[in-house]
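Me: Please take a close look at a single part of this structure and describe it in plain words.

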Amino acid sequence: MTAQRDVELFLRAHFEATADRTVADGQVDAILATTVGRRQQPAWLASLRSLPMSNTARTLGRPMSAPAWVLLLILALLIAVAAVGLTVGGFRLAPAPIVNGPIVFGRFDASVDDTVIHIARPDGSDTHIFLPGANECPQFSPDGRQIAVAMKVVNVDGTDPRLLDNTVGDVTLGCSTWSPDGQRLAAEGWNENDPTDNGIYLVNASDGRDAIRLTTNGKGNNDIPGDFSPDGRQLGYLHHVSDSVATLWVVDVATGNGRQVVSTQVDSTPTWSPDGQWLLVDAGDHFLVMHPDGTDPRTLNVPASVGWLGDPQYSPDGTRILFHMALDGSDKNDIYTMRVDGTDLVQITDTPEVTEYFTDWGIDPR
């Protein structure tokens, strides 16, 4: 029940018990003048005005005293503030805390000779196939209710898969990531016949249409979208200068102006910290962390004997990192998490016969 509805019910009950119907209209106006400054008349006011008014005064109880009216006005004011997030001198209600939700990842499946997407709780329990068949690069929507699998969008419970338009002329669209408002996807695009078309394209998350080209690779290779900044103004991405060499870039979404963040070779797409202060990317057997402008670069090591690792993702609350890793001497990797300072390593999956990758971490959608 909303706070405005609570106000309506409270006032209805009070007027029914104590008020004179011939002056109820004036009582409502007095409360509105005090609580909302007559900026607009909400729907519940119209409901109150729809109560039948009588020309005959009825005694329905003892009239309210002045102190009682003061208490009523204070109560109405507090409820109005809670209902509309009233701003007074910069005051705003604090947002609800972010709760870490499920994780998704890809697992190679020999029966389809390709990747099958799995979903699990953050501790690895209740691991199960999210979407049967071959699919790649899952990404949670900002509200945690949907997952984009390349150019397909599916509810987080695996229902209602929707194919999006995955072509822009002769350009094919592939792996994608959500804008923070959930309205757009940034998708990898390539043209087998004309590599000058290769780059990242922005499309509607609802249907894959209204494409806008965001980057131009310029090398005949691929640009692969990583993560939007929390304010949606920038996109971190992997810029391939050859089939095997890539660097970390950031592009301004409004202008399309891109820039290299660091010259170090990196291996997979970057993730943006929820507070917008850091970019995280993997480079062989360790991670690199730096500010989005490339300053204060740091090496972040994992407390294990690492063969190789990749696909880092910040948890929604920014306290942990999700990634895949193969231990030294192994050619198969599992899913792990650790704290953002490189401590408290936790193994999430244990599948020594298969390899896993394509990680992402969503919020709790409830």
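Reply: Asp344 is partly exposed, as its relative accessible area is 37%; the class in between runs from buried, under 20% relative accessible area, to exposed, over 50%, with a 1.4 Å probe and protein chains only. This is a predicted model, where local features need pLDDT of at least 70, side-chain atom pairs count only at pLDDT 80 or more, and totals for chains, interfaces and linings use all residues. Residues are numbered from 1 along each chain as its sequence is written, and side-chain values use heavy atoms, with hydrogens and water left out.

The loop between E23 and E24 holds Asp344. Strands (E, at least two residues) are DSSP runs, numbered from the N terminus. Phi of Asp344 is near 55°, a positive value in a residue other than glycine. Most residues other than glycine have a negative phi.

Now the strands around this loop. Strand E23 covers residues 334-339 and runs antiparallel to E24, with two bridges joining them. Two strands pair if DSSP finds at least two bridges between them. Within E24, Gln347 is the residue opposite Tyr336.

Both strands belong to an open sheet of four strands, ordered E21-E22-E23-E24 with antiparallel pairing. Strand E21 (306-314) and strand E24 (346-347) are at the edges; each has a single partner strand, so one side of each has no neighbour in the sheet. Strands of a sheet pair through backbone hydrogen bonds.
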